[in-house]
Amino acid sequence: MKISGILLIIASLIFIISGCKKEDESGSTTMVSQHNETESHNNGKPCQSCHASGGSGKGWFGVAGSVYTQSMASANANGNIFLFSGPNGTGNLVATIEIDGKGNFYTTGYSIPATGVYAQVKGTSGSVQNMSPMVTSGNCNACHGVSTEKIWVN
């Protein structure tokens, strides 16, 4: 009886320990922001600090960031991020990412190519802001709100 009890405890510990691995060691979890969704967090923080290989966040984000109103005082929810091959909304549209209900956008389904893309944000009012320099990193909040202005749209 004691041996079977010990074996049961050992089996339980093995099950618990195996469940304590990082949730997404392979980066295969699919996560894409959607309009009105409110499960995101940490507005303005560099998303890939956690949501990348070796990070503690679920999913490895290829593109992620936060959008604010023009006053920069509050998040701007439910718009869209468009990524184009040309500046100012020209060329081919290569990706569209919805901004969620908390003003954050993220995707594990697209990574910015080394050749770069041009970003455009469109608010629910129809207002558009174009990012004039080409971007080669999808870690938007690593620069925006740190060394450059936050991403905003009316």
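Biologist: How many aromatic pairs does the count come to?

Modeller: The count comes to 2 aromatic pairs. This is a predicted model.

Biologist: What makes Phe 61 and Tyr 106 a stacked pair?

Modeller: Two values decide. Ring centres must lie within 6.5 Å, and planes under 30 degrees apart count as stacked. Phe 61 and Tyr 106 have 5.0 Å centre to centre and 20° between the planes. The pair is therefore stacked.

Biologist: Where in the chain do these two residues sit?

Modeller: Phe 61 is in the loop between α1 (2–18) and β1 (63–66). Tyr 106 is in strand β4 (residues 104–107). They are 45 residues apart, so the pair links distant parts of the chain. Phe 61 and Tyr 106 are both buried.

Biologist: Why is the pair of Phe 82 and Phe 84 called tilted?

Modeller: The ring centres are 6.4 Å apart, and the limit is 6.5 Å. The planes stand at 45°. Stacked needs under 30 degrees and edge-to-face over 60.

Biologist: Are Phe 82 and Phe 84 buried or exposed?

Modeller: Buried means under 20% relative accessible area. Phe 82 has 16%, so it is buried. Phe 84 has 11%, so it is buried too.

Biologist: What makes Lys 150 count as lying over the face of Tyr 68?

Modeller: The distance from the ring centre is 4.4 Å. The cut-off is 6 Å, with a further limit on the angle to the ring normal. Lys 150 lies over the face of Tyr 68.

Biologist: Why is Leu 83 called buried?

Modeller: Its relative accessibility is 2%, and the cut-off is under 20%, so Leu 83 counts as buried. Leu 83 lies in strand β2 (residues 80–84). Beyond its close sequence neighbours, up to four places away, Leu 83 touches residues including Val 63, Leu 93, Ile 97, Tyr 110 and Val 117.

Biologist: What does the sheet look like?

Modeller: It is an open sheet of 4 strands, in the order β3-β2-β5-β6, with antiparallel pairing. The edge strands are β3 (93–98) and β6 (128–130), and each pairs on one side only. Neighbouring strands are turned by 20° against each other on average, direction ignored.

Biologist: How do you know that β2 and β5 pair?

Modeller: Pairing needs at least two bridges. 5 bridges join β2 to strand β5 (residues 118–122), so the two strands pair. They run antiparallel. Asn 80 stands opposite Lys 122, and Phe 84 stands opposite Tyr 118.

Biologist: What joins β5 to β6?

Modeller: 3 bridges join them, and the strands run antiparallel. Lys 122 has Val 128 in β6 as its bridge partner. β5 and β6 form a hairpin with 5 residues between them. In the turn, Gly 126 has a positive phi of about 100°.

Biologist: Why is β5 called largely enclosed by the rest of the structure?

Modeller: 4 of the 5 residues of β5 are buried, so the strand is largely enclosed.

Biologist: How many disulfides does a search of the whole structure find?

Modeller: The search finds 0 disulfides. Cys 140 is in none, and the nearest cysteine sulfur, that of Cys 47, is 7.9 Å away. The limit is 2.5 Å.

Methods: Residues numbered from 1 in each chain as written. Predicted model: local features only at pLDDT ≥ 70, side-chain atom pairs only at ≥ 80, totals over all residues. Heavy atoms only, no water. Buried < 20%, exposed > 50% of the residue type's maximum accessible area, 1.4 Å probe, protein only. Contact = heavy atoms within 4.5 Å. Axes fitted to C-alpha atoms, helices over the stretch in contact; angles between N-to-C directions. Phe/Tyr/Trp six-rings, centres within 6.5 Å; stacked < 30°, edge-to-face > 60°. Lys NZ or Arg CZ within 6 Å of the ring centre and 35° of its normal.
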